[in-house]
Amino acid sequence: MLRGLPSTASLARFCQKLNRLKPLEESTMETSLRRCLSTLDLTLLGVGGMVGSGLYVLTGTVAKQMAGPAVLLSFAVAAVASLLSALCYAEFGARLPRTGSAYLFTYVSMGELWAFLIGWNVLLEYLIGGAAVARAWSGYLDAMFNHRIHNFTEAYVGTWQVPLLAHYPDFLAAGIIILASVFISCGARVSSWLNHTFSVVSLVIILFIIILGFILARPHNWSAEEGGFAPFGFSGIMAGTATCFYAFVGFDVIAASSEEARNPKQAVPVAITISLGLAAGAYILVSTVLTLMVPWHSLDPDSALADAFYRRGYSWAGFIVAAGSICAMNTVLLSSLFSLPRIVYAMAVDGLFFQVFAQVHPRTQVPMAGILVFGGLMTCLALLLDLEALVQFLSIGTLLAYTFVATSIIVLRFQRTPPSSSSGPASPDPSVKEYHSFSDHIQLVGTEQDLAPEPGQLRPALRPYLGFLGRYRPGAAVAWALGILVASAITLACVLVFGDSALHLPYGGYILLLLLSSVMFLFSLLILGAHQQRRQQDTFQIPMVPLTPALSILLNICLMLKLSYLTWLRFSIWLLIGLAVYFGYGIWHSKENQRELPELTTTRYVVFPSTNLEETVQTVQPPSQLPSQESSPTE
């Protein structure tokens, strides 16, 4: 081997470091946070994270530019698509009641490097999302006062024309983030109470909009004279679905809060399901009354609801709508500031991020350092940066997290149940037989195969028909099938999104690639379905695995491919920064790395050479059974 180049063994150990998993039993240990959130608290957190400014802005934009009155179908389809990802979060949140959300779910199933990158992207998602909501909150409040705040700032502070910077500093947006951070730092109970207040007011105002809207409804606005129910056809409904999908982003705050839930196994799935249903009902009903009150082609995309009531002679209702939008945006901002420091806390506890963020305030039991530092960063973003060019980061970060969580569900379902570990010293058990010879190992393998099938093994009923899959070690066929599933999903998504013209393929080649990718996608699903899954009766589990997470993977990849190339370029730069942080700090300070070091220094491996074929098995003996160094014939 050339001098200076790493050996194959060192490269293998390095790759093992990147893919080491967080033990499942460690993810259910006692927490230093306070378990004080009920199912109602989690539900309102989820509603607050989903029902925000999108209800007051997105409905009018999609109705006028994409789908017409069929915007309600766009929201319905988007809700069903979001349900696929929400169910994945529900199963993980119930099974692993620890803070961390997508980061933790990836860590216990996919590996350390992937988990860090997901957590790194989620941090950016919450930072930009919270800052963007604060800017929207500021703009909406400024509009209520006829832009006096904006004019005052430009007159006494000035404007600038610098790339990536806003035209003027938004002190109002920075102030609301600072105020929200103060409430978040007071503890989960206080922030939950504040979120309750804003969420209830927002839901009451939404109910008022729906009731008054149906009273003022004119069915003629859906007639053919006004363009019909679906003026843009099926393609318009699907285009609206892709946009409406992001309205339901926010249910992951429930999974991120599971460590502070009183009964997470029951509360997390119930809260995610109810909050998603409430949000879907609000979006569908509000978009229905909006297009029934006024013709869809005359909507004002910026303030559709307030303008619709004004045009029907109910200008006073516009102030109620504005108050509802302010309350809704407050709940979204609180959700972002609530989740962000907890993701940082989870990464710091695992050693992948700086340890100062793992400290919890002794009285309020919240990660105070994360709130101060990342609340300050969010304040600077809202104060100075032009966020319109960065908002698409929200989409790619969220969709990537959804994809990894759905993949992790499949991995976890086919993983073997880890052996229970005891914290105390192991005592010898006379009933346990030691297997050292080659024939003993054959006997052990035969005994394992006679037992009940473990997760990852071929189902007993299918062994006579798919015997060739049973020859592989448990989990090998599942790993190959999962790899084929992801690769075929990427290929199928490219074919569906870009079409034959963008791929520069003849029509016959396009159809062939479409059929081939579809067949491989279905084939991998059949292979996965033929293997035994892990079943648990005491926690929520997604129905129809692997079909449900596989459809979620395909949908998320399709939506990611619709993003612009500039978004992918900026995303790649952010990933490179994250890799520098991981290889500079995280990989060396990881708790899993610290656990491996004592094992490497205390474990001794002794090989007893022999000419007998049955004794050529390398035997690992504990230190108590090793021959002393002075009497060792090999030394």
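A charge is taken to sit over a ring if NZ of Lys or CZ of Arg is within 6 Å of the ring centre and within 35 degrees of the ring normal.

**View 1. Arg342 and Phe338 in the predicted model.** The ring of Phe338 has the charged end of Arg342 over it, at 3.8 Å from the ring centre.

View 2. The predicted model holds 3 cavities of 30 Å³ or more. Sorted by class, the lining residues of the largest cavity are 4 nonpolar, 1 polar and 4 charged.

**View 3. The second largest cavity.** The space in the second largest cavity amounts to about 40 Å³. Around the second largest cavity lie Arg34, Cys36, Gly187, Ala188, Arg189, Glu260, Thr364, Gln365 and Val366. Its lining divides into 3 nonpolar, 3 polar and 3 charged residues.

**View 4. The aromatic pair Phe354 and Tyr585.** The model has 28 aromatic pairs. In the pair of Phe354 and Tyr585, the ring centres lie 4.7 Å apart and the planes meet at 45°, so the pair is tilted; an angle under 30 degrees would count as stacked and one over 60 as edge-to-face. The pair links distant parts of the chain, 231 residues apart: Phe354 belongs to the loop between α14 and α15 (368-384), whereas Tyr585 belongs to helix α22 (residues 565-589). Phe354 is partly exposed because its relative accessibility is 38%. Tyr585, with a relative accessible area of 15%, is buried.

View 5. Phe571 is buried, its relative accessible area being 6%.

**View 6. An aromatic cluster that includes Phe354 and Tyr585.** One aromatic cluster is formed by Phe14, Phe116, Trp120, Phe353, Phe354, Phe357, Phe374, Trp574, Tyr582, Phe583 and Tyr585. Among its members, Phe354 is partly exposed, whereas Tyr585 is buried.

Technical notes
Residues numbered from 1 in each chain as written. Predicted model: local features only at pLDDT ≥ 70, side-chain atom pairs only at ≥ 80, totals over all residues. Heavy atoms only, no water. 1 Å grid on protein atoms, 1.4 Å probe; cavity = no way out; pocket = protein on both sides within 12 Å on 5 of 7 lines; lining within 4 Å. Points joined across faces, edges and corners; volume = space filled by probe spheres on them. Nonpolar A, V, L, I, M, F, W, Y, C, P; charged D, E, K, R; others polar. Phe/Tyr/Trp six-rings, centres within 6.5 Å; stacked < 30°, edge-to-face > 60°. Helix = DSSP H or I, 4+ residues; strand = E, 2+ residues; numbered from the N terminus. Buried < 20%, exposed > 50% of the residue type's maximum accessible area, 1.4 Å probe, protein only.
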